[in-house]
Amino acid sequence: MTPPETPDAPTATPTTGAGSDTRTIGQLVSTISGQFSGLVRGELELAQANLKEKVAKLGSGGAMLAVAGVLALYMLGMLLAAGAWAFSLIMPIWAGFLIMAGILLLFILVLVLFGLRAMKKSKEFEVAPGEGIKKSVEAAKMGFKK
């Protein structure tokens, strides 16, 4: 229950002119500061909620891709066995499997060679984040000098 209002207590802040506000600059700055911090807090909460949703989607997508990869490996084994069996129609079964193993070995060697070439090419690109930061600081100093 609220206490009854006394007639002597002021009920509104005095204003001068039609609808003008008599708050001080300090009060206005305080209000703006509070609103800005509320806005920043709200934006951070929104970003956090978006990040949680993104991580959940990435997790479920990654799990599905992992299952698909495992099934693809099983399928590859079945295809290799089927190829070896096809060769065994014209030669002994052991020779069919041996030929399929040789074909698979050739694919592996080609992939290894391309992989090593790509690794050697990656040495051309140097990663030095400190250099970029130094250049940015120097550019900012040059901008302040002007």
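This is a short tour of a predicted model, stop by stop. Residues are numbered from 1 along each chain as its sequence is written, and side-chain values use heavy atoms, without hydrogens and water. Local features need pLDDT of at least 70 and side-chain atom pairs pLDDT 80 or more, while totals for chains, interfaces and linings use all residues.

**Whole chain.** Show the chain as a cartoon. It has three helices and zero strands, where helices (H or I, at least four residues) and strands (E, at least two) are DSSP runs numbered from the N terminus. The chain exposes about 13300 Å², by the Shrake-Rupley method with a 1.4 Å probe. Carbon and sulfur atoms supply 72% of that area. Buried residues make up 4% of the 146 residues; buried means under 20% relative accessible area, exposed over 50%, partly exposed in between.

**Helix α1.** Select residues 25-87. Then pick Lys-57 and Glu-53, whose side chains meet in a salt bridge at 3.7 Å, N to O. The rule asks for a side-chain nitrogen of Lys or Arg within 4 Å of a carboxyl oxygen of Asp or Glu. By this rule the count comes to one. The two residues are separated by about one helical turn because they sit four residues apart in helix α1. Lys-57 is exposed at 55%. Glu-53 is partly exposed at 46%.

**Nonpolar patch.** Select Trp-85, Leu-89, Ile-90, Ile-93, Trp-94, Phe-97 and Leu-98. Together they have about 880 Å² of accessible area. Patch residues have over 30% relative accessible area and no salt bridge; nonpolar side chains (Val, Leu, Ile, Met, Phe, Trp, Tyr) are joined within 5 Å, like charges within 9 Å. Helix α2 (residues 93-122) gives the most, with four residues. End on Leu-98, in helix α2, which is exposed at 52%.

Technical notes:
Buried < 20%, exposed > 50% of the residue type's maximum accessible area, 1.4 Å probe, protein only.
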